[in-house]
Amino acid sequence: MTLVTMDRITFESLSAERLGWACMEPTFQQIRAKSPEVKNEAISHLGRGQKALCMFRILYGHSSNSAEEYYGWICYLLDQPGHWEGVLEGLQFFGDSALIQLLEESKGIFAARNRRVGRGWGEAAIPDLNTDSELQTAVSGLYTRYQQITAGSLRIIAEYIRANPEQFVVFSDPTA
């Protein structure tokens, strides 16, 4: 289990978004641009809360900037063995039923589209949104809801981290 070293003042003052990122940054430095085997090995050494946070951050970090990224990343996660399940397990760990429901709804809509056009998850791509107005409309609506829900997700996760700091950080100040 890799814990982040941080002073208590920083820990308490970070925004919900930044706290989760700070707790995962050492792990992401280890796995960034590495093989799936290296990534899986690093993630396997995380504690349960860290793994849940890691999987959320993988989703959030790649899908929160645009509707196109949301669509592309959801399809990617569904195409990679174990990734989708890992994200959902992480969200269950934090009790984030609203985001789980939205992701499952997104999966259903995207799967129906794939069946309609005869494609698999690995063939779904961001340019699909330029040629399928029905898909573009659906993704736009899902992404708007995703932005609203993940604001709450970040708060839920930060509250968990602050209530259970020993799972994520080692305080550098002696009074912590």
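Predicted model: local features only at pLDDT ≥ 70, side-chain atom pairs only at ≥ 80, totals over all residues.
I checked how phenylalanine 56 and tyrosine 60 sit along α4 (residues 48–63): they are four residues apart, so about one helical turn separates them.

Next I looked at burial for both. Phenylalanine 56 has a relative accessible area of 1%, so I noted it as buried. Tyrosine 60 comes out at 14% relative accessibility and also counts as buried, because the cut-off is under 20%.

Then I went through the aromatic rings. How many aromatic pairs are there? I get a count of 11. Phenylalanine 56 and tyrosine 60 make a stacked pair, because their ring centres are 5.5 Å apart and their planes meet at 15°, with under 30 degrees counting as stacked. I also wrote down one aromatic cluster, formed by Phe93, Phe94, Tyr160 and Phe168.

Which rings have an arginine's charged end over them? I found phenylalanine 171 with arginine 8, whose charged end is 4.0 Å from the ring centre. I also found phenylalanine 11, where arginine 162 puts its charged end over the ring, 5.8 Å from the centre.

Last entry, the largest pocket. I noted a volume of about 700 Å³. It has 24 lining residues, and Ile31, Lys39, Ile43, Ile58 and His83 are the closest to its centre. The elements giving two or more residues to this lining are α2 (16–31), α3 (36–44), α4, α5 (67–79) and α6 (83–94). Which helix gives the most? That took me back to α4, with six residues. I sorted the lining of the largest pocket by type and got 10 nonpolar, eight polar and six charged residues.

How values were computed
Residues numbered from 1 in each chain as written. Heavy atoms only, no water. Phe/Tyr/Trp six-rings, centres within 6.5 Å; stacked < 30°, edge-to-face > 60°. Buried < 20%, exposed > 50% of the residue type's maximum accessible area, 1.4 Å probe, protein only. Lys NZ or Arg CZ within 6 Å of the ring centre and 35° of its normal. 1 Å grid on protein atoms, 1.4 Å probe; cavity = no way out; pocket = protein on both sides within 12 Å on 5 of 7 lines; lining within 4 Å. Points joined across faces, edges and corners; volume = space filled by probe spheres on them. Nonpolar A, V, L, I, M, F, W, Y, C, P; charged D, E, K, R; others polar.
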